[in-house]
Amino acid sequence: MTLLDDQFSGRSAPGVPPRKSQGGAPAFFSAWDLHAYYGESYIVQGVSFDIREGEILALLGRNGAGKTSTLRAIARMEDPQLKHGEVWLDHKPLHTMKSFQAARQGVGLVPEDRRIIPGLTVQENLELSQIAEPVGWSIERIYEHFPRLAERRSQDAITMSGGEQQMLAVARILARDIKLLLLDEPYEGLAPVIVQEIERILEGVKDLGITTIIVEQNAIAALHLADRAVILDMGEVVFDGSAQEVLDNPQLRQEYLAI
Ligand SMILES: Nc1ncnc2c1ncn2[C@@H]1O[C@H](COP(=O)(O)OP(=O)(O)OP(=O)(O)O)[C@@H](O)[C@H]1O
Ligand SMILES: [Mg+2]
């Protein structure tokens, strides 16, 4: 597979670091002109954005706008197939890698289904995420940070509540040494009181300075957490600015987020 398909060659700049960042230096994270397909279906249509180290970016847009597909393309999953574009994380070209290699470079994707492994306890789920180097937080430190998980360490993780499973999903990522956290709908299906609990956990992650992309239908909650926002519509970026600008702009919210 070539990432520099002829179809796009006029718009490509192979090997050139992303341009949008300030002062010419590559941003900590940069997605540049991503085009991704499910088979023949052209879904991610030229998405670009940069993130500074430690920043949280809310990636928003209506159902079907291409948010999950963009996260999957960044994490280098096989579907959708990235046919053109570059993804850089801390000077490393993720677009040349497969998903396991991107994970080794510090990409941590928490998908909507949270990927808790059935039949394993909380403790075993955490241990499993530390099988491969580089290891992040120790399991003891995780239990100090997530007392609810400590209480349930011997419980079959799949029998926990949705909120507890989301905590475990985030904890599993922290158990690895990550540079970029990708969260797909972390509040989905959770009661408001549990959403608040997950929000506090994500505030804690923010304090750790982990660069994060959060996709969320609950756009207001995501915008309160985020520094910046990118809005997608039909696979293209229609807004890139501060989270506060979106909160302050009812017209923009109405048009692209229906809130
Ligand atoms: N595996 C797939 N095969 C074909 N098309 C797909 C596949 N997954 C998603 N799509 C299509 O790609 C488009 C973008 O989907 P995506 O899941 O990225 O949207 P989204 O912004 O995450 O939406 P939502 O808010 O509903 O989660 C949709 O039109 C969807 O039908
Ligand atoms: Mg989605």
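User: In what order do the strands of the open sheet of four strands stand, and how do they pair?

Analyst: The order is β2-β1-β4-β5, and the pairing is antiparallel. Because β2 (41-51) and β5 (92-93) stand at the edges with a single partner strand each, one side of each has no neighbour in the sheet. Strands (E, at least two residues) and helices (H or I, at least four) are DSSP runs, numbered from the N terminus. Two strands pair if DSSP finds at least two bridges between them.

This is a predicted model: local features need pLDDT of at least 70, side-chain atom pairs count only at pLDDT 80 or more, and totals for chains, interfaces and linings use all residues. Residues are numbered from 1 along each chain as its sequence is written, while chains are lettered from A and ligands numbered from 1 in the order in which they are written.

User: How many bridges join β1 to β2?

Analyst: Eight bridges link β1 (residues 29-38) to β2, and the two strands run antiparallel. F29 has I51 as its bridge partner in β2, and Y38 has S41. The two strands form a hairpin with two residues between them, and G39 in the turn has a positive phi of about 60°.

User: Is α1 mostly covered or mostly open?

Analyst: Mostly covered: seven of its eight residues are buried. They are K67, S69, T70, L71, R72, A73 and I74. Just after α1, R76 takes a positive phi of about 65°. A cis peptide bond joins D79 and P80, with omega about -5°. P80 lies in the loop between α1 and β4 (81-89).

User: What is the strand order in the open sheet of six strands?

Analyst: The order is β6-β7-β8-β3-β9-β10, with mixed pairing. β6 and β10 (236-242) stand at the edges, each with a single partner strand, so one side of each is left without a neighbour in the sheet. Over four bridges, β6 pairs with β7 (residues 180-184) in the parallel sense, and L109 has L182 as its bridge partner in β7. Five bridges join β7 to β8 (residues 211-215), also a parallel pair.

User: How are the two faces of β6 covered?

Analyst: In a regular strand the side chains alternate between the two faces of the sheet. In β6 (residues 107-110), V107 and L109 on one side and G108 and V110 on the other are all buried. V110 counts as buried because it has 20 C-beta neighbours inside 10 Å. Two residues are in contact if their C-beta atoms, placed from the backbone, lie within 7 Å. Leaving out residues up to four places away in sequence, V110 touches A169, V170, I173, L182, L183, D184 and P186.

User: At what angle do helices α6 and α7 pack?

Analyst: Axes are lines fitted to C-alpha atoms, for helices over the stretch in contact, and angles run from 0 to 180 degrees between N-to-C directions. α6 (residues 162-174) and α7 (residues 192-207) pack at about 10°, with their axes 10 Å apart. That makes α6 roughly parallel to α7; angles under 35 degrees count as roughly parallel, over 145 as roughly antiparallel, 65 to 115 as roughly perpendicular and the rest as oblique. The contact is made by G163, Q166, M167 and V170 of α6 and I194, E197, I198, I201 and V205 of α7. These divide into six nonpolar, two polar and one charged.

Definitions and conventions
A residue is buried if 20 or more other C-beta atoms lie within 10 Å of its own, exposed if 12 or fewer, and partly exposed in between; C-beta atoms are placed from the backbone. Ala, Val, Leu, Ile, Met, Phe, Trp, Tyr, Cys and Pro count as nonpolar, Asp, Glu, Lys and Arg as charged, and the others, Gly among them, as polar.
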